[in-house]
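Colleague: I am new to this structure and would like to learn how to read it. Could we take a few features in turn?

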Amino acid sequence: MPKSCSILCLALFAGPAALAQSPAQPAAMPAKTIVVHAAHMLDGVAKGMQGPVTVTIVNDRITEVKPGTLRVDGAEVIDLGEATLLPGLIDAHKHMGPPKTDMNVFQARLTLSEDEAAIGSAANARKLLEEGFTTVRNMGSSDGLDLSLKRAIDRGWAAGPRILVSLEPLGPSGGHSDPRNGIDPAWTNSDWGGSVVDGPIDAIKQVREHKRRGADLIKIMPSGGVLSIGDDPKAQLMTNDEIKAAIDTAHSLGMKVAAHAHGKQAIDNAIRLGVDSIEHGTYADAESYKLFIEHGTYLVPTLLVAEQVNELARLHPEQLNPSSAQKAFEVTPLMKGMFAGAYKAGVKIAFGTDTSTGANAHEFALMVGAGMAPADAIMTATHNAADLLGVSASAGSIQPGRYADLIAVQGNPLQNITLMEHVDWVMKGGVVYKRAGVSVPQPAVPAGSNSEGEDDY
């Protein structure tokens, strides 16, 4: 079955209308104006509460943000009452996979097809959008699944957040990104490729290949991981030459680089070599924090996945890879302390969960519980995450020129951060996807879209 089937499956998920023929050149739609009124606003620019406010939207962009409740002639009015309006949230470390099953890791890897994963990922994308996440940075998928999902959402075949994709993460043989770890060498899969680099030349080639295939960024694996088999999270597994080759090549192609790094050596070396963000950062120390600040590197702490994996290791270790439960007990309890130290030191922090499903916004409560101010926690998922992703001109704040990606919660999240786990209203690109806590159905594809499938006639 061709690899393009993943996109076709997403179209089928959207419904039969996705395959309907229509005119090749649809008429241009007239401009649509919407005004949003809210009593309170956190705009992703200032940390303090503002309001009341009127936000004017034309088509998919914000055109004006003004204090007070103002009338705009001819505009559709959305009155959010006493709710707090915020920018759409950004998750800078996401894995856009299918919903969890009761299969263990090996069962899922060997029995779940790419087509099933594509359909399941579309379902999860809609769920994530309704949680208030309108932009995500996908940090690793096989066989171009993340790219297929991104394009399906962009074409209107599925509902979900805007996605920046890394394609497969890059690491050495036997490292955190090697799909062959723990599997009989006689077993193979033609789709397992593009994730193993041994030597600087390999790294340069794969970064270029990722760019050619459509990657928006590069993810590297300088250290071992928790959920991989047989590697050590404390150890640096990529050489400095490999790390530098990947970073320099990506930067020359206009792509940022994120480094999965638990161990101090891998963290410090990746920062010195110019990486844009450190994911996890478990064994970072005071010296590491100074390097973060000196180089302007972001930390993406992923406290949610640490909590989830620790719980899974305690309650259902059989669902983890061999050796992962023990590594989870050693690594995950350290992450909150590392996060607290980094925050106090003044390290730039961006929001990231490292999960595929679950209560993603619980990351806010974990950060606040570890000592971060609620206003700063919200900024990690708006202003800071947009800055890290390089999308500040279009996302992360409520300002003219940005996408009309907006959410609302009932109450004041500066006083109760858990309100971020109960998003009441969601708009992406001027389209409302959730209202009064209820999903708003959308057409399967925009009017006038053409089928890209094949006719059977």
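Modeller: A nonpolar core is a set of buried Ala, Val, Leu, Ile, Met, Phe, Trp, Tyr and Cys residues joined through side-chain atoms within 4.5 Å. In soluble globular proteins, such side chains tend to be buried together. Keep in mind that this model is predicted.

Colleague: How many residues does the largest nonpolar core have, and which have the most contacts inside it?

Modeller: The largest core has 73 residues. Those with the most contacts inside it are Ile218, Ile220, Ile278, Phe292, Phe364, Met367 and Met420. Helix α6, residues 240-252, gives the most to this core, with five residues. Another core, of 20 residues, lies apart from it, and includes Met41, Val55, Ile62 and Ala408.

Colleague: Which residues does Met420 touch, leaving out those up to four places away in sequence?

Modeller: Met420 touches Leu86, Leu89, Ala361, Phe364, Ile378, Ile407 and Pro413.

Colleague: Is His93 buried or exposed?

Modeller: Buried means under 20% relative accessible area. His93 has 0% relative accessibility, so it counts as buried. His93 is in strand β7, residues 89-94. Beyond four places away in sequence, its contacts include Arg137, Lys219, Glu279, His280 and Asp354.

Colleague: What should helix α9 span?

Modeller: Helix α9 has 13 residues, 303-315, so at 1.5 Å a residue it should span 18 Å. Its end C-alpha atoms are 19 Å apart, which agrees.

Colleague: Which helices do the buried residues of α9 pack against?

Modeller: The buried residues of α9 are Leu303, Leu304, Val305, Ala306, Val309, Asn310 and Ala313. They pack against α10 (324-331), α11 (335-345) and α12 (362-369).

Technical notes. Residues numbered from 1 in each chain as written. Predicted model: local features only at pLDDT ≥ 70, side-chain atom pairs only at ≥ 80, totals over all residues. Heavy atoms only, no water. Helix = DSSP H or I, 4+ residues; strand = E, 2+ residues; numbered from the N terminus. Expected span 1.5 Å × (residues − 1). Buried < 20%, exposed > 50% of the residue type's maximum accessible area, 1.4 Å probe, protein only. Contact = heavy atoms within 4.5 Å.
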